[in-house]
Amino acid sequence: MQTVSGFSKLNKEEKIQWLSSQVEGETKTLVDNLKNFWHQDNSIQARFDEFSENTISNFDLPFGIAPNFEINGKTYAVPMVIEESSVVAAASLGAKFWLERGGFKARVISTTKVGQVHFKWQGPKEKLQKFFNDQKDVLLNNLTHLTVNMEKRGGGITALELVDMTDKIENYWQLKLSAQTCDAMGANFINSILEEMAQLFKSMVLYSNEFQASEKEVLIIMCILSNYTPDCVVECSVSCPISDLGEVNGFSPELFAEKFATAVEIAVVDPNRAVTHNKGIMNGIDSVVLATGNDFRAIEACAHAYAARDGQYRSLTKVSLSDDTFTFSIKIPLAVGTVGGLTSLHPLAKTSLAVLGNPSAQELMMIMAAVGLAQNFGAVKSLVTTGIQKGHMKLHLLNIMGQLGATLQQVEDGKQYFADKVVSYTAVRNFLNQ
Ligand code: MEV
C-alpha cells in the first residue's frame with residue numbers, strides 16, 4: 001500500500017479507484033462490494049457520507065427485535081443492532097421468562113453529567129480558592145446564554161467546583177462542572193460551556209488585582225466532558241420465589257438458583273470471569289445503544305470503569321437468594337440521549353426510538369438496563385445448565401450455511417442433520433459437499 005496525499009479531496013469514485021489500484025487481486029470484486037452497499041436513495045446516502053470522513057461505502061449490521069420486555073408494567077419490543085448470533089434470541093428468551101414472573105422493575109437513581117477544565121496555575125492555593133469562591137457566581141452568570149435553553153427544559157449547570165490536583169501533578173487544577181442535560185446526551189452542551197468558561201476564567205484571573213504578576217497566568221490544558229458518569233446511574237431487577245423459577249433446562253429451581261447465584265458471585269470476585277460476564281451484559285446494552293444512535297464507546301468505557309470503581313474489576317450484576325426469593329439486579333451508569341446527535345439524524349435510530357414509543361433519556365436508560373440484565377440472565381442460565389454452545393451453534397450453523405452459499409432446502413436439511421451433532425465449519429462444508 002502506497003502513502004497518499006490529498007485523499008480527502010478526492011470524490012468517492014476517485015477514492016475507490018485509488019484504493020482498488022492499491023489492492024492486489026480481485027479489484028472488480030472489491031469495487032462491486034463497496035458499491036453494492038451504497039444506499040439506493042441518494043439523499044440517505046449523502047447523509048451517511050456526512051456522518052464521517054473519507055466514506056466510500058456503508059457497513060451493514062443486522063437490526064433485530066427482542067419483544068416482550070415488561071418494564072415497570074409497560075411492554076416494549078426492543079430494537080437491537082448486533083452481528084453476534086444468539087444475542088437477540090437470549091434477550092428475547094430472558095424477556096419472556098421474566099414476563100411470566102412479574103417483569104423488570106427499573107429506576108433511575110441519578111442523571112448527573114460531568115465536565116472538566118484542566119489547567120495549570122502557580123501560586124498560594126488559598127488565594128485561588130478564595131478567588132474562585134468570590135467569583136463563581138460571576139463566572140456562572142456570564143454563561144447563561146449557553147444554559148438558558150437547557151434551563152427551560154429543566155436542566156442546566158448544577159454545580160461548579162475548583163478541584164486542587166496539585167498533589168498529583170505540579171500546579172494542576174480543575175474546574176469541575178456538573179450538569180443535568182435532560183433528554184440530550186449532553187456532550188455539546190457541556191463542552192461548549194467548558195470552552196467558554198475556561199477563557200472567561202483565564203481572563204478573570206489575568207485582570208484581577210488580587211494576584212501578583214507571577215500568579216496571573218492560567219494555562220488551560222484542555223476542556224472536555226468526562227465519559228465517566230458514576231452519578232448517571234440506573235438500577236433494574238427481576239425477582240420471584242425460587243420455586244417459581246420452575247424446572248430450568250432439566251435443573252430443579254433450587255439447584256438452578258444455587259448454581260446461578262454462584263456463577264454471578266464468581267464474576268464478583270474473579271476479574272477473569274467478570275470481564276466475560278460483563279461482556280455478555282454489554283452484548284445486550286450495546287445493541288440497543290447502537291440501534292438508538294447512541295455512543296457505544298462512551299457507554300463501554302464508562303461501564304467498565306464503573307465495574308472497577310472499588311479498585312477491582314467486578315460483575316455489574318448481582319444475585320440474592322434470601323427468604324426463598326431469587327432476585328437478580330444490575331446497577332450501571334448509562335449516559336444516553338434521545339434527542340440530538342445521531343438519534344435524530346440516522347433514519348433507523350429514529351425508527352428505533354419510535355418503536356420504543358419515543359422514550360425520554362431516563363426511560364431509555366431503564367430499557368437498556370433491562371436488556372443488559374435479560375442478556376446476562378440468558379447467558380448465565382445457559383452456562384450453568386446446557387452450556388452456551390448448544391444454542392449458539394444452532395444460529396452459528398445458519399451463518400456458516402450462509403457463508404458457504406447453501407440453498408434454502410440445504411439449510412432445512414442441515415438443521416435436521418445437525419440437531420444432534422457438533423457444528424463446525426468443516427463439518428458443514430462436508431455436509432454440503434455430500
Ligand atoms: C458471548 O458473547 C457472551 C458470553 O460469553 C457471556 C458470558 O459468558 O456470560 C456468553
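This is a predicted model: local features need pLDDT of at least 70, side-chain atom pairs count only at pLDDT 80 or more; totals for chains, interfaces and linings use all residues.
The space that the ligand takes up is the second largest pocket. Two elements, α9 (271–291) and α13 (361–384), each give two or more residues to the shell around the ligand. The most comes from α9, which gives six residues. The shell is made up of Glu84, Arg273, Thr276, His277, Lys279, Gly280, Asn283, Ala379 and Leu383. By class, three of these residues are charged, four are polar and two are nonpolar.

Polar side-chain atoms of Arg273, Lys279 and Asn283 lie at the following distances from an oxygen atom of the ligand.

| Residue | Distance from polar side-chain atom to a ligand oxygen atom |
|---|---|
| Arg273 | 2.7 Å |
| Lys279 | 2.6 Å |
| Asn283 | 2.9 Å |

On its own the ligand has 300 Å² of accessible area, and the protein covers 84% of that area.

**Cavity**

The model has one cavity of 30 Å³ or more. The volume of the largest cavity is about 80 Å³. Its lining consists of Lys113, Met185, Leu225, Ser226, Asn227, Thr229, Ala298, Ile299, Cys302, Pro333, Leu334 and Ala335. The elements that supply two or more residues to this lining are β7 (219–226) and α10 (296–307). With three residues, α10 has the largest share of the lining. Sorted by class, the lining of the largest cavity holds eight nonpolar residues, three polar residues and one charged residue.

Key. Residues are numbered from 1 along each chain as its sequence is written. Side-chain values use heavy atoms; hydrogens and water are left out. A residue is near a molecule or strand if one of its heavy atoms lies within 4 Å of it. A polar contact is a pair of N or O atoms within 3.5 Å; within protein, one must be able to donate a hydrogen and the other to accept it, and residues adjacent in sequence count only if both atoms are side-chain atoms. Accessible areas come from the Shrake-Rupley method with a 1.4 Å probe; for residues, only the protein chains shown count as cover. On a 1 Å grid over the protein atoms alone, a cavity is a set of points where a 1.4 Å probe fits but cannot get out, and a pocket is an open set with protein on both sides within 12 Å along at least five of seven lines; lining residues have an atom within 4 Å of a point. A molecule sits in a cavity or pocket if more than half of its atoms lie within 2 Å of its grid points. Helices (H or I, at least four residues) and strands (E, at least two) are DSSP runs, numbered from the N terminus. Ala, Val, Leu, Ile, Met, Phe, Trp, Tyr, Cys and Pro count as nonpolar, Asp, Glu, Lys and Arg as charged, and the others, Gly among them, as polar. Grid points are joined across faces, edges and corners, and a volume is the space filled by probe spheres set on the points.
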